[in-house]
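Morning, everyone. Please have a look at the screen.

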Amino acid sequence: MDPAPATPRWNLERPYLTGRFHQVCPYRILPALPPQHPSQEPRTLWQEAKAAAAAQGPGSKSFSLDSFSRGAGAGTGSVIGSFAVSVQELLVIDDLLSALVGIEGRYISIKRVRGKEGYVVFQIDSSMDLALQELTRRIFPLCEDYVLVSQFVESRSHFKNGLVNHALAAALRAFLLDYQAMVAQLEHQFRLGRLSVQGLWFFCQRMMSSLNALAVLVEKATSNNTNGSATLNLLQSQAKAMGGDSAVRSLLEKMTEYASGAYLRMLERWVYEGVIDDPYGEFFIAENKSLQKESLTQDYDAKYWQQRYSLKEGIPSFLTNVAAMILTTGKYLNVMRECGHNVQVSLSDNSKLMSFGSNHQYLECIKSAYDFASGELLTLMKDKYDLIGKLRSLKRYLLLDQGDFLVHFMDIAREELTKKPEEISAEKLQSLLDIALRSTAAASDPSHEELICCVERSSLLKKLATLKDLDCAYPADKLAAADVDQSMQLSITGLETFCLSNKVQWPLSLVISRKALTKYQLIFRLLFHCKHVSRQLCAAWQIQQVFRSVKILGTPILRSSILCRSMLKFVNSLLHYLTFEVLEPNWHLMHDRLQTARSIDEVIQIHDFFLQKCLKECLLLSPELLVKVEKLKGLCLQYATSIQLLMPSIDVTNSENTSKSVKSRSRINKSQDRDQQLKLASENVVMSESILKFEAAFNSELQSLAPTLSNSSHAEPYLTHLAQCILGVRIDQ
């Protein structure tokens, strides 16, 4: 916002160009008038003054209106009480006409109130006739109110006070012009000799209440230093407080209408163009230009959508109920302008925001503008930028809806993924991912080119502990401790930290922000690791198939085979639950709700709800259960690794190669040798102890998971499905 222009120096150095300073107006002192004879005709004040002047004798100056003009050279030591009452009345009327426009006279003085700028007190010469003093003091409040309002008009016309105060000052200035016209008419009557103090008091009655109401208004505005919406709220509250005086209330409502004109023009530009035209910071919507749209794809805690445009304090009372709608309307128009899609709400005579009267027409205009901007942006997002297609792409790749590319990728990237995270080359992984995508059905999908390989530096549990906004019900320190225990048994590799990301362009980043992508990645890491554990168990299972030709009843090999099947059942059941009990139904529910969404805010809300629900039902927001599941997966992975290390690498291919290299041996001898090796392997003590150890640990962890699921399923019904999938038990909801 540009600073307000400075007030010109001449406006401060030449105060007599304004009414802030009041000149003293001396008057000629008239002699006392002789008493009027009862039989004479009633005479006007001027006639009596002329008669008194003539009675002074031939040496006195003739009487004229100029005798009462300013600067006539009156004596400095005289007091008004030395004149006749009729002359006193003439003198006080002339002084009052000056006081009514803020100028002190010969016998009426102005005293400024110390410490209060613009406040003055009018005082009368105490020697004046008491009846005239009483009538004169009744008119003083009108004079003081005029000075106060006039001072407000001058001070609030400076640039720094804002457009609303400028408009209010202009309206008050117009009112003061009418008031000054009244004073001019009274002075004309005075010059014609038709005005008395009583008549002056009578004619001022009409202005007393109106000017007093304005004085109270400007007094409160000055003491609180109001501007913008605060001034409008003050005007409205003062108008409501004058419910018993229809004329004053009508005046204040008219002032409110004038003052709100500039504010409504700002509002009109915002809701119809998405532009903040607020040179003095009065509008109730603030713009934070330091927040850029690029932060949505870079910063997890990006507040662009919430804080680029936000509501300020001091919303006008007549806009309080629709402030959020007004803010959103302009935000939608700004998004379209950022996209290069210039759009402006079609204006008509009925859509002009000229006033906020009791018919609430302005509310209908705001609602129409909101509906237009919301529908236009939603159509743009769905049609031009294919929002639904982008969400399908995220489901296909980050939620593993299409898994053939992942199998191929895990095969060709196995060597790289088994390294430590800091040793992995992201560029190499990206090239291997591109090969896997082009070699599978994903090649026909143009969105596969937007996939990006990422390698985190921490495990899934540690990552969850760092995201404070996920509302985990388990302390972060316990999560980290559980993760440390696991990492001591199994070092972290790229298989535990690998994840995919996606390129998201503006304006889709409003819906698919960095935070939303992070939630997708958390789910992907859980699914990817489950796939890895399942593949390792399948490899261990294949190694054990060579023992089928040997009698393994009662041997550890049989126990290992049973244990491997149990582990495979657990992991595959977990994958089935995550995919078909959580992700699929929730995604279809989100998809159906998106079809009926009416605004981008509703789309964002639906999408965030989908991600939050998926995170919760995937146990990522239930760390106590997640720690147990991770321990079970860790045991499965350790078991599969041990089987591949401890069992001999005897397979059909090796035995065939051996038979080719040793052609002299008969097929029967080779079979006998092979059976002998298998028998010895099945009786291996180290392998037997390892299998028994893994079996005990796995069964113990699985049994400890059952009561936890059972207890929690009463509050969370989705845990019932999880228990049915991975434990094979039925828990009543």
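A crossing of two helices is called left-handed if the near helix is turned anticlockwise from the far one by less than a right angle, and right-handed if clockwise. This is a predicted model, so local features need pLDDT of at least 70 and side-chain atom pairs count only at pLDDT 80 or more, while totals for chains, interfaces and linings use all residues. Residues are numbered from 1 along each chain as its sequence is written, and side-chain values use heavy atoms, with hydrogens and water left out.

The overview comes next. The protein chain has 26 helices and six strands; these are DSSP runs numbered from the N terminus, helices being H or I with at least four residues and strands E with at least two. Of its 733 residues, 48% are buried, meaning under 20% relative accessible area with a 1.4 Å probe, protein chains only.

Now the first helix pair. Helix H6, residues 197-224, packs against helix H7, residues 229-241, at an angle of about 145°, with the axes 11 Å apart. Axes here are lines fitted to C-alpha atoms over the stretch in contact, and angles run from 0 to 180 degrees between N-to-C directions. The crossing of H6 and H7 is right-handed. Contact means heavy atoms within 4.5 Å, and on the H6 side Val216, Leu217, Lys220 and Ala221 meet Leu234, Leu235 and Gln238 of H7. That contact has five nonpolar, one polar and one charged residues. Nonpolar covers Ala, Val, Leu, Ile, Met, Phe, Trp, Tyr, Cys and Pro; charged covers Asp, Glu, Lys and Arg; the others, Gly among them, are polar.

On to another pair. Helix H13 (404-412) and helix H19 (514-544) cross at roughly 65°, their axes coming within 12 Å, and this crossing is right-handed. Leu406, Val407, Met410 and Asp411 in H13 meet Phe528, Lys531, His532 and Arg535 in H19. By class, four residues there are nonpolar, one is polar and three are charged.

Last, helix H10, residues 323-338. How many of its 16 residues are buried? Twelve are, so to speak mostly covered, including Ala323, Ile326, Lys331 and Met336. Among the elements covering the buried residues of H10 are helix H8 (246-273), helix H11 (361-384) and helix H21 (600-617). From first C-alpha to last, H10 reaches 23 Å, close to the 22 Å expected, which is 1.5 Å times one less than the number of residues. Just after H10, Gly340 takes a positive phi of about 80°.

Technical notes. Buried means under 20% relative accessible area, exposed over 50%, partly exposed in between (1.4 Å probe, protein chains only).
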